[in-house]
Amino acid sequence: MASSLAGPVRVRFAPSPTGYLHVGGARTAIYNELLRASLGGAFVLRIEDTDRERSDPAMTRQIQQALEWLGVRWDEGPFLQSERLQRHRARVDELVEQGRAYACFCTPERLAPLRDAAVRAGRTFRYPRTCLELPAAEAARHRERGTPFVVRLRMPDAEVRFADLVRGEVAFAAEVLDDFVLLRSDGTPTYHLSVVVDDVDMGVSLVLRGEDHLSNTPKHLRLFEALGAPVPRFGHLPLILGADKKRLSKRTGATSVEEFRAQGILPEALYNYLALLGWSPGDDREILSREEMVAAFSVERLGGSASVFDVEKLLWMNGQYLWALPPDELRARLEPFLAEAGLAEYRGNPRLAAAAALHQVRARTLRELAAQLRPYFHDVAWDDEASRKYLAKEPRLPELLAELGRGYATAEPFAVELLEAALRQLAEQQGVKAGALIHPTRMALSGSTAGPPLFDLVALMGRETAVRRLAAYVEALRRL
């Protein structure tokens, strides 16, 4: 379905460097990138770092690194909003000269009772425009005395209505809109001023952002008009919810791109998953390349309802991408997780590479895959509960496994076919099902009840390790 929007477009992603890149912000960046790639134009990255107390330069770097890791590509920037403060102030001066903005000398203490009264009455507080008609002479006296003041935009007394690209027609009544502050008493611009001036100067023609900004939009529309600038199209994306249907938070699991990266999620899988978390290509496809997403992307297919972040679905999707990695690529992606699994010294070991290929289709994350490789190089712990169940089904298990170990000690060659034949022959001779030996043997060697085909595992473990662990497990069974 083709988009009704005409290209090219200029879009932007403008995060605040007050923390790690949240998956909600990452999804917004992805949609802006897909929109630009679909329609042509430019994608601008702007860091909104004017909140001096909360902004952290380290987070500015982290946001860029997270976007680059995720595979989001921007065309211009990153621009730091803090480097444009003089420009923001200059535009305020123009608005004051034109009578579209005015100085307000009302103190917070003076306004507090009015604000409290509005709250008690269940009304939206609106600044009463005490200073709007302040005589010029009185305003001059305030300035001479050094009275602190803010600058407010003179909002038209009319409702604000606009066509949201995601939500449809949206309207805000005049009585809920007041003359909001553009410049604080310390001379710093507010978010509303900075974001609009920057969007004007950067030629942004379409703003796709989270719905938490929806209430800001009527202010921004009026400010665009006051500045005499073209008004962009706006679209507001719904929230991402956790499994509890509440706003996604750390309480319900990982929320930042960095956290998913540390868990061993592949960037292309996270990109794919987030793209589908509120957008559909119009068919049942779930695994899509970036090129396929670009070809199918349109704002008409963006959903207006909140999406639930399904961790299990992400893990499934990550498994699909993980399983498709070529061997060399798999080894490169896996390397950062080896140290955590105690395998750093085995980088480049042929057995490690072979084990990774064997377990590749059974892991959902790189971290999980690295952990599955540990038994090939380190001793394992056995599950006593599972072991007791094995014994309950076959009381002769210690003797049978001891015999299997003796057979494996002399098996030549130590290869899959012969290892399987030896176990099945022993089971037949002793009148037991092969499974009665297969499952305990897996436990003995890997400490797990599940994994790759047993005899591939045994062959890769090698004769010395397999025989030693079988003997140790026999002794452990006898102590149960």
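Which side chain meets that of arginine 478 in a salt bridge? I found that of glutamate 399, at 3.9 Å from N to O. A salt bridge here is a side-chain nitrogen of Lys or Arg within 4 Å of a carboxyl oxygen of Asp or Glu.

**Basis.** I note that the model is predicted: local features need pLDDT of at least 70, side-chain atom pairs count only at pLDDT 80 or more, and totals for chains, interfaces and linings use all residues. Residues are numbered from 1 along each chain as its sequence is written, and side-chain values use heavy atoms, with hydrogens and water left out.

I returned to arginine 478 and glutamate 399: the former lies in helix 20 (residues 463–479) and the latter in helix 16 (residues 397–410), 79 residues apart. Helices (H or I, at least four residues) and strands (E, at least two) are DSSP runs, numbered from the N terminus. Arginine 478 is partly exposed at 45% relative accessible area, and glutamate 399 is partly exposed at 44%. The cut-offs are under 20% for buried, over 50% for exposed and in between for partly exposed (1.4 Å probe, protein chains only).

The salt bridge count by this rule is 35. I then looked up arginine 84, which bridges to aspartate 198 with the closest N and O atoms 2.5 Å apart. Arginine 84 is in the loop between strand 3 (76–80) and helix 3 (85–97), and aspartate 198 is in helix 6 (residues 191–201), so the pair ties together parts 114 residues apart in sequence. Aspartate 198 is buried, at 0%.

Aspartate 201 forms a salt bridge with arginine 87 at 2.7 Å between the closest N and O atoms. Here helix 6 is linked to helix 3, again across 114 residues. Aspartate 201 is partly exposed at 33%, as is arginine 87 at 32%.

**Entry 2, strands.** I followed strand 6 (residues 160–164), whose covered face holds Val160, Phe162 and Asp164, while Arg161 and Ala163 are on the uncovered one. In a regular strand the side chains alternate between the two faces of the sheet. Strand 6 pairs with strand 7 (residues 168–172) in the antiparallel sense over 5 bridges; pairing requires at least two bridges found by DSSP. The two strands are joined by a hairpin of 3 residues. Arginine 161 has alanine 171 of strand 7 as its bridge partner.

I located valine 299 in the loop between helix 10 (290–296) and strand 12 (307–308). Valine 299 counts as buried because its relative accessibility is 2%. Leucine 35 is 264 residues away in sequence, yet its C-alpha is 7.8 Å from that of valine 299.
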